[in-house]
Amino acid sequence: MRDFQLPGRSAVFADQGMCATSHPLASETAIAILRQGGSAVDAAIGAAILLGICEPQSTGIGGDMFALVAQPDGQIIGLNGSGRAPAGFDAATLRAKHDRMPLYDVAAVTVPGAIDGFCRLHTDHGRLPLDQVLAPAIHYAETGVPIAPRVSLDYTSSSHVLTGRAREFYLTDDKALPVGARFAAPGQAEVLRRVAAQGRAGFYEGEVMQDMVASLRALGGTHTAEDFANTTCDYVDPIHSTYRDAELIELPPNGQGATAMLILNMLESMDPQDDKMSAARVHLEAEATKLGYNARDRFLADPDHVTRLDHMLSKDTARDLAALIDPARAMPDPRAASDNIHKDTVYITVVDRDRQAVSLIYSIFHSFGSGFASDRFGILFQNRGGGFTLEEGHPNEAGPGKRPMHTIIPGMLKMGDGSLMPFGVMGGAYQSTGHARFVSNVVDYGLGPQDAIDAPRAFAEAGELKVERGYDGNVHAALADMGHTLATDFPPIGGAQAIRIRPDGVLEGGSDPRKDGIALGY
């Protein structure tokens, strides 16, 4: 139990239904939909689309989504709602100008897949009419939402990427919105009214589609009406891996869930550290992250192009990689070390009274995505194509009609005591490491959802190790002595939400204090 004399947050307990999101209005909306008789899918959709108004830098209808849905009978289904590069995409043209995929270029704009995914989920698993599910998001898009503190922080740090009409839609007097300022998106309210009335056709056909296509082509894009018409989500079989006495469920590529499994498989082959706050634990996770992300960047891609997934998920591969880790010294080059072995986002979880459980993640990739918005309706386009590589022959090489490798991953954890826990971690590339850290906190150290989320984080990325201030100075010093280059200035590492369905039926939820959100139950 936490020390109630110190700042902190209690876990939330309820028995009828629960949600956890990164914004209070979205959490309240999800609970209201559940109370109206909606399913967990209805509530997750309503809250997710509202988050595009509450956190416009993080997500929106111009992005992608993925979901895991656990049915009351125990079946877990997966949905891939990620879009593809347009049919006219030409990697050779980009290679003539760039060494790597540009992030803030119309070439990085893949066709939005989220609305198709939401509509499919609602058709197959919703209980309430779509207009009722979307009513809160339409209301707040029209009237506006006051900017929350963490949203304001992200707004200020990333609004410079906005360009053209996007600056008019998302800034006031060409400046980032401060805390308490009201963000409204009446153009998106109109789009959502059309989706509410017409389903996916309200987005992928007619005036909304024409606005997106014309805007992208004016920027030099090759996007066509056919690219939008052909956009379709896919039901997929989740992938499974064990970690000690627990089972982790993730989506297959093009997401990076397999990377979380590889990191955990490496950690499983080593003894857990007695002190969950030790420098030794941070070091081992950092080294496993380096090796895991190196494998991710080699192998993960569009599902039709992945050939080494079994290799990544193999316990033998993980043991071989873990043997490369020096417990006392940081690894300078994970790719060279492992050559002989390897020949801004929102997350939502909802559980309803019938114990349907949803783990859903929804994103425009980088904060404010591509920085481009459609001219009429102000739909902010994702830059998910930045997840491609321009390396010829690579499985993830950019190409027409392909899905790029994605960072966003919803997760579920079946625990040894019979609990089921839908969970997710926001934070771009951090998400695989974040899944591994969360699972280890729960399984190795017995933490509940809120404590597992609250615990300090570290992340090895781009040659540096980010270590949050929740670790004391001795840990920082010890890591530096091991050869890690410590980052000195970075935002909070990610965010997370989780709900544990306990064996006795009680729901226990947690929401990350690094964001503005809350868990709510009834």
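This is a predicted model: local features need pLDDT of at least 70, side-chain atom pairs count only at pLDDT 80 or more; totals for chains, interfaces and linings use all residues.
Helix H5 (residues 130-143) and helix H8 (residues 186-198) have axes that come within 8 Å and cross at roughly 170°. Here helices (H or I, at least four residues) and strands (E, at least two) are DSSP runs, numbered from the N terminus. The axes are lines fitted to C-alpha atoms, for helices over the stretch in contact, with angles running from 0 to 180 degrees between N-to-C directions. H5 and H8 are therefore roughly antiparallel to each other, a label for angles over 145 degrees.

Residues are numbered from 1 along each chain as its sequence is written, and side-chain values use heavy atoms, with hydrogens and water left out.

On the H5 side the contact (heavy atoms within 4.5 Å) includes Leu130, Leu134 and Ile138, and on the H8 side Leu192 and Val195 are among the residues involved. By class, ten nonpolar, no polar and three charged residues make up the contact.

Now the cores, each a set of buried Ala, Val, Leu, Ile, Met, Phe, Trp, Tyr and Cys residues joined through side-chain atoms within 4.5 Å. Buried means under 20% relative accessible area and exposed over 50%, with partly exposed in between (1.4 Å probe, protein chains only). The largest core has 82 residues, and Phe118, Phe203 and Leu360 touch the most other members. Helix H2 (residues 40-54) supplies the largest share of this core, twelve residues. A second, separate core has 48 residues, including Tyr243 and Met405. As for Leu360, its contacts beyond four places in sequence include Ala44, Phe66, Phe118 and Pro410.

What about disulfides, meaning pairs of cysteine sulfur atoms within 2.5 Å? The count comes to zero. Cys19 is in none, and its nearest cysteine sulfur, that of Cys54, is 12 Å away. Cys19 is also buried, at 0% relative accessible area. The sulfur of Cys233 is 8.9 Å from the closest cysteine sulfur, in Cys119, which is too far for a bond, and Cys233 counts as buried at 3% relative accessibility.

Technical notes: Angles under 35 degrees count as roughly parallel, over 145 as roughly antiparallel, 65 to 115 as roughly perpendicular and the rest as oblique. Ala, Val, Leu, Ile, Met, Phe, Trp, Tyr, Cys and Pro count as nonpolar, Asp, Glu, Lys and Arg as charged, and the others, Gly among them, as polar. A disulfide is a pair of cysteine sulfur atoms within 2.5 Å.
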